[in-house]
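Dear colleague,

I am passing the structure below on to you, and my notes on it follow.

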Amino acid sequence: MSISKVGAVSTVALVIGMAAASPALAQSSDDESRQETVIVTGTTGSFGATKNETPIVETARSLSVETSDMFIDKGALRLADTLTYVAGVTAEPYGFSTRGDFPFSRGLSIPRYSDSVQELFGSYNSTRADVYTIEQVEVLKGPASVLYGQGSPGGIANYVSKTPQEDFGGEIAAELGNFDRYQIAGDVTGPVAGSDGKLLYRVVGVYRDTGTQIDEVDETTTVFMPSLSWLPTPDTKFTIIGLLQETDSDAAAQFIPIEGTLEPHNVTGEFIDTDVYVGEPGFNRYDTDSQQVTLLAEHRINDVFKLEATALWRSGEADYHQAWPTFTGASRYLNQYLGAPLFTETTVARTFYQGDNTFDQLAGDVRVRADFTTGAFEHQLLAGVQYQDVETDSDSSYYFAGGVLQGDFSYVFDLANPVYGNYPDQAVFDAIYNDNPASTVQDLGIYVSDQISYENWRFTLGLRSDNVENDSGTVVQDDDAISTSVGVLYRFDNGFAPYASYSESFETVVGTDTTTGNPLKPQEARQYEVGVKYEPSAFPGLITLNYFDIEISNLDNPNSLPGAASQQEGVGTLKGFEFESHVQFDTVYVQAAFSTLDAEDPNGFQLAAAPETQGSVWATWRPDGQWTGFKSGAGVRYVGETVSENGTLRYVTPDYTLGDLMVGYEWDQWDFAINARNITDKDYLTGCLTRGDCFPGQRRTVVASLRYKF
């Protein structure tokens with residue numbers, strides 16, 4: 001499905017028109033309604049990461065929440081930006097990107113969920129989540145298979161969608177920034193006229209046209225998200241959310257070689273521009289579109305039982321063309337291979353790639369909640385059935401090194417003095433096109449979890465059974481898994497709540513063990529976590545400190561393990577501390593985070609792109625009195641060095657520190673702000689890999705926004 005530019009403007013115009021046509025604007029009588037203190041720790045909900053409304057301070061594991069108020073103050077432009085101040089999360093391990101958001105939690109990549117359902121599978125086959133459609137972002141850290149089935153031991157990132165509200169309101173917002181950024185957006189919600197409050201609506205629209213720090217890499221995005229809630233009785237609520245999104249862009253990841261970025265060139269001793277564009281303006285593109293429908297349902301049967309359900313249909317596709325340089329040492333290797341010095345230190349061959357990727361998903365999660373007592377024990381029981389059916393298809397043409405190894409030197413490229421306009425004809429790609437069969441994953445999980453309260457004690461017990469079928473189009477593999485979780489927390493009257501928990505996860509691996517001849521077993525992980533949470537009584541806030549120990553088994557064997565009984569005897573470990581604090585001191589809000597990570601793969605090597613140390617602090621000031629309306633914020637983010645090694649090569653990417661600023665003013669129904677991220681315009685690398693490429697970070701962005709709220 002395609003949305004034209006005219007349609008994009010019409011989308012936002014529709015939102016604005018609905019606001020203007022409303023019979024009554026819910027205008028505030030003074031500025032105080034927008035100066036109220038936000039809930040500094042966020043909230044949990046039935047369609048959130050924990051699938052319950054248990055307060056974070058009573059949850060015996062680590063959960064971080066960033067509300068839209070928080071990440072708007074920080075100037076977040078992408079989903080990854082919303083996570084840059086979250087403890088234990090590496091928001092941009094692979095640098096500035098236009099293809100997607102790839103956050104790490106506890107050293108591992110984590111999947112993206114929406115309203116408690118995973119909505120992204122595979123790579124480069126759908127659109128990115130747009131921050132303007134999001135109410136809050138949640139990171140549930142560590143193994144979470146009891147609630148979600150197979151997944152990463154690092155946890156999940158779940159974002160909560162904007163949904164209809166009972167009172168009429170909304171906003172019209174415009175943004176103007178560097179790199180020729182232009183955006184207009186609208187959001188309006190309220191009751192449908194004549195429905196007596198039983199029918200609520202919300203319409204969210206976004207149109208964005210922007211350049212980036214890399215010349216030739218531009219982006220045009222359109223988002224249209226209507227939703228409708230029906231409340232036939234006080235005990236029943238159905239919400240349906242539609243989402244149409246289209247993005248036309250290019251790939252910002254340039255895969256630039258280590259020589260000239262992390263290290264100077266061996267001959268010249270010079271560095272190249274990390275924002276060099278190594279693609280082809282007439283060839284490169286990364287165009288995506290997606291459509292999805294989400295259904296959220298709640299029905300309270302009686303004082304004990306409540307039914308809840310989430311269903312998601314999502315379809316996406318990507319038209320992906322990119323040229324990138326061969327990696328480190330390629331010039332020397334090619335010279336040796338060809339027996340002649342044809343390539344200089346900055347002249348490289350380029351690989352050309354074309355991909356047609358699609359993604360289709362149908363998922364549902366139906367659960368019953370029961371609140372009851374047995375003697376002195378209070379139970380919050382959750383039992384559910386979760387099913388998902390996902391099909392991904394990736395067809396591609398891969399022209400390695402532009403045919404240099406076959407004697408074709410037509411497409412060499414000078415990184416220091418780029419010249420564009422030279423790339424293969426389409427007939428070359430048609431001749432090597434690989435039409436792969438579609439892959440499907442079907443997962444059925446049955447789970448039960450009980451949170452038991454006894455006086456100040458909180459006990460959590462969870463159990464889940466999963467059956468997963470992977471069909472690669474040529475091979476079908478079935479896997480079964482049992483996952484458990486246990487937690488205990490004691491909430492003292494003074495606000496302290498120490499806790500301990502144990503949790504498990506699994507992730508299927510499709511293939512055959514070449515040693516045993518059996519299907520590969522799922523990778524399995526277990527986590528021990530201990531910590532303490534503190535909710536002060538003198539002011540709003542939440543402070544947490546935890547230590548975790550994760551072990552991942554059934555990994556590839558260590559290189560030094562000869563004569564193994566199977567090829568899955570490798571074990572990886574992740575250990576670390578995390579500190580996070582959200583506090584509101586009168587007119588000042590302060591958020592701080594610090595984390596350490598000791599992560600090793602089966603060979604004892606540090607995990608690539610996973611910093612050992614991270615820290616951040618952000619403060620927002622909204623004064624009252626004669627300064628009422630003024631607002632300002634400032635933050636500092638530190639990311640430690642990362643290591644990539646394989647026993648032969650070892651690259652250390654330096655640490656970096658970035659600063660962010662915000663200043664603005666709110667009056668009547670207007671809200672004006674200027675945000676600057678990476679205020680010093682620091683040129684940095686987020687990581688370099690042993691395969692030979694590096695990833696530049698996000699350069700300074702300055703965006704002015706004006707919102708009219710009603």
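How many bridges join β14 to strand β37, and in which direction do the two run? Two bridges join them, and the strands run antiparallel, where strands are DSSP runs of E of at least two residues, numbered from the N terminus, and two of them pair if DSSP finds at least two bridges between them. Please note that this is a predicted model, in which local features need pLDDT of at least 70 and side-chain atom pairs count only at pLDDT 80 or more, while totals for chains, interfaces and linings use all residues. Residues are numbered from 1 along each chain as its sequence is written, and side-chain values use heavy atoms, with hydrogens and water left out.

β14 and β37 belong to an open, antiparallel sheet of three strands in the order β14-β37-β36, whose edge strands, β14 (256–257) and β36 (685–688), each pair on one side only. Within β37 (residues 693–696), D693 is the bridge partner of P257.

Turning to the rings, the structure holds 37 aromatic pairs (Phe, Tyr or the six-membered ring of Trp, centres within 6.5 Å; planes under 30 degrees apart are stacked, over 60 edge-to-face, the rest tilted). Y320 and Y353 have ring centres 5.4 Å apart and planes at 65°, so the pair is edge-to-face; it links strand β16 (residues 305–325) to strand β18 (residues 350–374), the two residues being 33 residues apart. Y320, at 3% relative accessibility, counts as buried (under 20%; exposed is over 50%, partly exposed in between, with a 1.4 Å probe and protein chains only), and Y353 is also buried, at 13%.

Best regards

Technical notes
Helix = DSSP H or I, 4+ residues; strand = E, 2+ residues; numbered from the N terminus.
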